[in-house]
There are 2 protein chains.
Amino acid sequence: MTDLAEKIIAGDHRSIARLITQVENNAPDAVETMKQIHPHTGQASIIGVTGVMGGGKSSLIFELALAYRTEGKKVGIIAIDPTSPFSGGALLGDRIRMTELSMDEGVFIRSMGTRGMMGGLTSSLYDVVEILDAAGMNVILIETVGVGQDEVDIVKIADTTLVVLVPGLGDSVQTIKAGLMEIADIFVVNKADKTGVEQTVAELESMLDLVNNQERRIPIVATSAKEKKGIQQLVVQIAEHQAYLKKSQTFEKRRRQRYEAELIEIIRKRLMDFIFDEKKLKTTVDCCIDQISKKELDPYSAADQILGKILK
Amino acid sequence: MTDLAEKIIAGDHRSIARLITQVENNAPDAVETMKQIHPHTGQASIIGVTGVMGGGKSSLIFELALAYRTEGKKVGIIAIDPTSPFSGGALLGDRIRMTELSMDEGVFIRSMGTRGMMGGLTSSLYDVVEILDAAGMNVILIETVGVGQDEVDIVKIADTTLVVLVPGLGDSVQTIKAGLMEIADIFVVNKADKTGVEQTVAELESMLDLVNNQERRIPIVATSAKEKKGIQQLVVQIAEHQAYLKKSQTFEKRRRQRYEAELIEIIRKRLMDFIFDEKKLKTTVDCCIDQISKKELDPYSAADQILGKILK
């Protein structure tokens with residue numbers, strides 16, 4: 001085992017940060033370490049937090065992290081949102097609180113700015129989750145900005161997905177996109193100190209009434225990160241959802257989906273690298289050029305031969 | 001052999017057009033026909049014509065086509081330039097002349113608008129050249145618009161590349177990009193009826209004087225498509241260049257380069273299709289998900305296994 005893998009499994013923060021930087025930079029060394037840490041993964045609860053901008057997702061994650069720390073759990077936080085306070089792009093007060101949190105040895109915070117090539121989550125997110133999991137984080141909170149494909153793709157990686165809404169952002173329930181409705185394991189109506197929270201909750205409830213075949217009704221939790229209200233109730237609902245996942249065998253199914261998405265991302269990335277690597281391509285096709293020139297083989301059959309193994 | 005392949009080899013214009021449309025639309029049927037026609041290719045002279053916009057490339061190609069027709073040769077014309085008169089985007093007088101040319105049974109004209117995914121020549125250009133070659137065209141003239149990567153990539157496909165310049169477009173020789181200088185097999189100073197042609201030719205000559213190691217000095221031909229001057233001289237220079245290619249074994253080398261570029265394009269296209277085919281990717285990775293879940297295999301090693309055959 002590499003020295004780096006050993007230190008990560010021991011939970012060393014600097015080693016975690018170093019491997020994350022390596023995977024983000026496509027460093028060839030990273031692959032061996034990633035291979036070695038995989039058997040040590042699978043213990044963390046992965047919680048996706050998505051929803052509208054200005055919904056207070058970062059403050060909510062901050063309060064959730066504190067609650068899990070009180071239980072003695074180690075917490076990883078990944079912010080895929082350049083405007084998140086975790087990325088340093090926020091008000092001074094928020095930044096100071098985040099900095100204090102990051103001083104806690106039981107908390108590891110990382111922000112990731114890049115997007116995936118398919119417009120969804122960046123492929124290195126899968127790596128970062130594996131790294132934090134192997135490093136012994138009991139809970140991994142992932143904040144995705146609620147635009148585009150990210151909010152839908154978060155279900156590929158999270159065990160539990162929180163969709164965060166706020167009252168008073170127009171008719172908030174009407175504005176929930178169909179995609180968000182489908183990915184929510186728990187609805188969080190945040191900023192419950194604002195007016196209109198009862199109406200938003202009621203609208204969500206009547207929307208849920210319309211959904212048939214509810215094996216499990218999606219719970220709605222009203223929170224106020226500002227007034228620290230509802231956080232404990234949210235922690236309970238997350239635990240109940242995870243118990244439900246395990247009881248219903250959905251947990252294993254979701255994990256399989258995550259590995260499937262991860263493997264597809266790795267393969268896509270490698271193939272893209274290959275497609276743009278003129279030199280490697282030339283070496284690969286070199287075998288067939290003579291035969292094509294001599295009309296013993298045509299270019300399409302040559303491509304079939306070369307690609308045969310993978311595309312069948 | 002497919003009916004379509006037989007008709008193409010017999011030179012039937014409607015069948016040529018149909019197969020070109022098939023390859024441009026990625027029709028699955030096209031591949032089998034492309035495989036079957038390959039043994040019938042390799043006879044055509046492939047001439048690339050590139051250079052500045054407004055250089056009169058289309059008129060030059062028109063005159064060259066007429067000259068080759070006088071010799072009894074069959075001529076294919078491919079215009080990769082949406083502003084080309086061959087694409088219908090020109091002055092009425094030009095369009096009428098092009099239409100007359102296209103009525104000639106010994107001439108096949110096709111315009112292609114799309115770009116390749118690497119920013120260079122569209123991948124179906126290789127197919128179109130193969131089709132026209134198999135259909136018995138003795139000469140294939142390819143017009144590329146002189147912007148970006150096209151003008152450089154034309155050498156991947158052409159036996160002889162003409163770089164067309166015009167006098168009076170500022171200091172034309174100074175504005176030749178280094179890339180154009182390197183790809184020219186023959187310089188054509190077109191619109192030789194305009195003033196400044198002697199100066200442009202002289203500038204080119206002194207530029208060529210500076211080039212060392214000239215196994216073959218690049219000839220400069222002054223032409224006037226408008227006054228039909230210099231065309232015969234250009235035909236002679238093209239023939240001399242092709243004789244030189246064969247004598248110096250460069251011909252075989254260029255053909256090999258073309259097949260290499262073609263095969264790389266086919267492989268790239270197939271891999272791109274694969275990368276964006278979520279369903280196929282899921283089937284491909286399905287074999288490994290269980291093992292990854294059980295920690296018997298990590299995602300990176302699984303990717304190694306799946307991609308092993310092609311990326312080594």
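Predicted model: local features only at pLDDT ≥ 70, side-chain atom pairs only at ≥ 80, totals over all residues.
Residues are numbered from 1 along each chain as its sequence is written, and chains are lettered from A, and ligands numbered from 1, in the order in which they are written.

Chain B is superposed on chain A by a rotation of 180 degrees with 0.0 Å of shift along the axis, at an RMSD of 0.0 Å (least squares on the C-alpha atoms of residues with pLDDT of at least 70 in both copies). This is the relation of a two-fold axis. Contact is made between 40 residues of chain B and 41 residues of chain A, two residues being in contact if their C-beta atoms, placed from the backbone, lie within 7 Å. On the side of chain B that touches chain A, at least two residues each come from helices H3 (28–37), H11 (250–275), H12 (278–293) and H13 (299–311) of chain B; helices (H or I, at least four residues) and strands (E, at least two) are DSSP runs numbered from the N terminus. H11(B) provides the largest share of this side, 15 residues. By class, the side comprises 25 nonpolar, four polar and 11 charged residues, where Ala, Val, Leu, Ile, Met, Phe, Trp, Tyr, Cys and Pro count as nonpolar, Asp, Glu, Lys and Arg as charged, and the others, Gly among them, as polar. Because 100% of the interface residues of chain B are also interface residues in chain A, the copies meet through the same surface.

Within chain B, seven strands form an open sheet with parallel pairing in the order E3-E2-E4-E1-E5-E6-E7; strands pair if DSSP finds at least two bridges between them. Strands E3 (107–111) and E7 (220–222) of chain B are at the edges with a single partner strand each, so one side of each has no neighbour in the sheet. From one strand to the next, the twist averages 20 degrees. Strands E1 (45–51) and E5 (160–165) of chain B pair in the parallel sense over five bridges, and Ile47(B) has Thr160(B) as its bridge partner in E5(B). Helix H6 (124–134) of chain B packs on the sheet, touching E1, E2 (75–80), E3 and E4 (139–144) of chain B, with its direction at about 170 degrees to that of E2(B); axes are lines fitted to C-alpha atoms, for helices over the stretch in contact, and angles run from 0 to 180 degrees between N-to-C directions.
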